[in-house]
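This report describes selected parts of one protein model. Please look at the sequence and the structure before reading on.

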Amino acid sequence: SCDASQLCNCSSMGLDFIPPGLTAKITLLNLAYNRIKRIQSQDLQQAVNLRALLLQSNQISSIDEDSFQSLAKLELLDLSNNSLAHLSPLWFRHLFLLQHLHLQGNSYRDLGQSSPFSSLRNLSSLHLGNPRFSVIRQGNFEGIELLHKLWIDGSNLSQYEQGSLKSIKAINHMIINLRNSNIFSEIVRDCLHSVTWLEVTEIKLAVEKKSFVQNSTSPFRIQKLTFKEAFFTDQTLSRALVLLKEITSLKVLEAINCVLEGQGIWNTEEIARSGQSLVETITIKKVMIQNFHLFIDLQGMESQITKLKRLTITSSNVFMVPCKLARYFLSLLYLDFHDNLLVNNRLDETICEGSWPSLQILNLSQNSLKSLEQTAKYTSRLPTLNNLDISQNNFGEMPDACTWPKHLKYLNLSSTQIPKVTKCIPLTLEVLDVSGNNLKEFGLQLSNLKELYLTRNQLKTLPGAAPIPNLVALSVRRNKLNSFSKEEFESFRRMELLDASDNHFICSCEFLSFIQHEARLAQVLVGWPDKYVCDSPLAVRGAQVGAVHLSLMECHRSLMVSLICVLMFLVILLLVAVGYKYHVVWYLRMTWAWLQAKRKPKRAPPKDISYDAFVSYSENDSEWVENTMVRELEQACPPFRLCLHKRDFVPGKWIVDNIIDSIEKSRKTLFVLSEHFVQSEWCKYELDFSHFRLFDENNDAAILVLLEPIQSQAIPKRFCKLRKIMNTKTYLEWPAGEEQQRMFWENLKGALKS
């Protein structure tokens, strides 16, 4: 249960005893919320370096006298909410460094006959008492000289020996839960010279007759007195106000969650006779006054408020302050009426001419004000006002012009349901808060403005910097901001703090580049980097803006598309050039024609045969073909019908179709081979066109006539089919002698007839 720092958490583990095996390495041991009943002397003997021991909320009823003897370095001991019926000074006699001791919530009725804390010279905070705690005796706090905090649960305290707390020379903050008003008076008298801030809870004050300062001389130490969940009547409050004036050091009075049973009918004559109050700050929070609408105007209390500097009355159903009374707050600098029932027509009475003459800060937030124009007009009667909070009122709209206090520097208009800001806003402002108003834009000219708060609005861009040139701090948190540019950011020359967190950022390449490479942003952005998260693209949604890195393709998409288009164009251009050079178009057309021809019957019907042979030859050999071969074959008996491209091709018909049709209408195909033939591109096409069908059928329809000697190895590789046929079939050679020529013709005629 221990971490690397030797902080051991064994809470809520159902332990019945302190676990054995504790070592000197442990610095914090948490055994709270278990079922431990007893602490024995050997349980903590080895934990010599323990600094914090938490044993609250167990069932401890017995502690051996030397259980804490080895814990000389202990600084915090919590034994609260156990079953200790008494406290022994022997438990704490070796805890010289103990600073915090919690003993509240046990079952002891008193602290013993002497002080259980006499050895605790370094004690800083002490918590003690319980619902059964009833007696405090003199000497119970001997040995304690200085306390930062003393908390006593004395809800059923019935006996307090005078002078019991005087042994403590200084207590910064004392909190006591007390219901006995007589004991309250005794404690106040004992604490006049030691306690700085006294806080009393659950007390029901009685009409006190004795002075709080009898037999005591000033200067006193007590400066602040707080009542929480206390109960007052008109009579007890009147008397308390008189008696508290005797404590000349008292500057702050607080009443929180208290109840006043009365209508403000106080003994103002006695209060006035007792002299002027020296209290400078009064705070009243959530005070319930039964039938508050019947509460009178406190006439006669004017002399008691002239020195008051700070007044806070919140959540207490205040609906007005009489004008006559308001004019006597001559020294008041701060007034807080947050969460009350002020309305505009009552505000005219509350802030009348001549009232609150020194007021600088006014809080009227969360009331029932409806007219911003009237609110501004009434507050303009306050000559020294520079800070005004009228947030959380339902104004609904903002007029085009307003009259404000001449020196107003701070204005809070947040959550006031205004749809847009107008020139009603005073030009003197240095701080403006218009958060939570669904504003879609902000373009006011406010040259003195230093801080602008636009949180929870509908802004899509940062406001322009030109109208607010001196802006130091800007908050656009939780708006509809997608991004902001380097130019927008740098236009705010004096910007020190920018809160743009909790927006839905589009993490574009430009935005990411600016965010990640602007060195000053990390010092300026509030909540960086945790509160700045990408909303799109989808691939990086939820990622921190500072950690996102997009690819080159994502960042320069248009450039990459342009490059791809250029590359594709160059490839197409290259293919066109290659195709043109190597006649690819011809090959494609030839392939298409062959595929078309493949669908036709293998051999045309006999009635469609028009020629005995289709003659394929080079133009350079046309003289021999046309003058020699044609004459010999077509004038033979019986004559042969030959198909020549010059003579028999159909004009205007595609040459490929002419070749294929002629081959199909001829029984044989006669190739006149020569050097010219194999060097001619045209002959190559013609040979391929004709051979597609002839060679595919594996028949003997081809007749080769070699007009001059050709070695098959000398035939170019592109005439691959010709080379193959010459290597596998017999061909006729044109002889030089006449005798051989007659034999040649006979053989050729025989081949044509076969």
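Which backbone nitrogen does the side chain of Asn340 reach? The side chain of Asn340 reaches the backbone nitrogen of Asn317, at 3.1 Å. The structure is a predicted model, in which local features need pLDDT of at least 70 and side-chain atom pairs count only at pLDDT 80 or more, while totals for chains, interfaces and linings use all residues. Residues are numbered from 1 along each chain as its sequence is written, and side-chain values use heavy atoms, with hydrogens and water left out.

**Two buried loop residues**

Asn340 sits in the loop between strand S21 (334-336) and helix H5 (344-350). Helices (H or I, at least four residues) and strands (E, at least two) are DSSP runs, numbered from the N terminus. With a relative accessibility of 4%, Asn340 counts as buried. Buried means under 20% relative accessible area, exposed means over 50%, and partly exposed lies in between (1.4 Å probe, protein chains only). Not counting residues up to four places away in sequence, Asn340 touches residues that include Ile313, Thr314, Val318 and Gln366; contact means heavy atoms within 4.5 Å.

Ser164 is in the loop between strand S11 (159-160) and strand S12 (170-178). Ser164 is buried, and its relative accessible area is 0%.

| Side chain | Backbone atom | Distance |
|---|---|---|
| Ser164 | nitrogen of Gln138 | 3.2 Å |
| Ser164 | oxygen of Glu161 | 2.6 Å |
| Asn340 | nitrogen of Asn317 | 3.1 Å |

Leaving aside neighbours within four places in sequence, Ser164 is in contact with Ile136, Arg137, Gln138, Phe141 and Asp190.

**The nonpolar cores**

Phe141 also belongs to the largest nonpolar core, which has 166 residues; Phe68, Phe141, Met174 and Phe484 touch the most other members. A nonpolar core is a set of buried Ala, Val, Leu, Ile, Met, Phe, Trp, Tyr and Cys residues joined through side-chain atoms within 4.5 Å. This core draws at least three residues from each of domain 1 (309-434) and domain 2 (439-550), with bounds that come from an automatic or database domain assignment. Apart from this core lies another, of 22 residues, among them Val615 and Leu748.

**Strands in parallel**

Strand S16 (residues 252-256) is largely enclosed by the rest of the structure, because five of its five residues are buried. Val252, Glu254 and Ile256 point one way from S16, and Leu253 and Ala255 the other way. S16 pairs in the parallel sense with strand S14 (residues 224-228) over five bridges. Five bridges also join S16 to strand S18 (residues 281-285), again in parallel. Two strands pair if DSSP finds at least two bridges between them. Glu254 stands opposite Thr226, and its bridge partner in S18 is Thr283.

An open sheet is formed by three strands in the order S15-S17-S19, with parallel pairing. Strand S15 (231-233) and strand S19 (288-289) stand at the edges with a single partner strand each, so one side of each has no neighbour in the sheet. Strand S17 (residues 259-261) pairs with S19 over two bridges, and Leu260 has Ile289 as its bridge partner in S19.

Definitions and conventions. A polar contact is a pair of N or O atoms within 3.5 Å; within protein, one must be able to donate a hydrogen and the other to accept it, and residues adjacent in sequence count only if both atoms are side-chain atoms.
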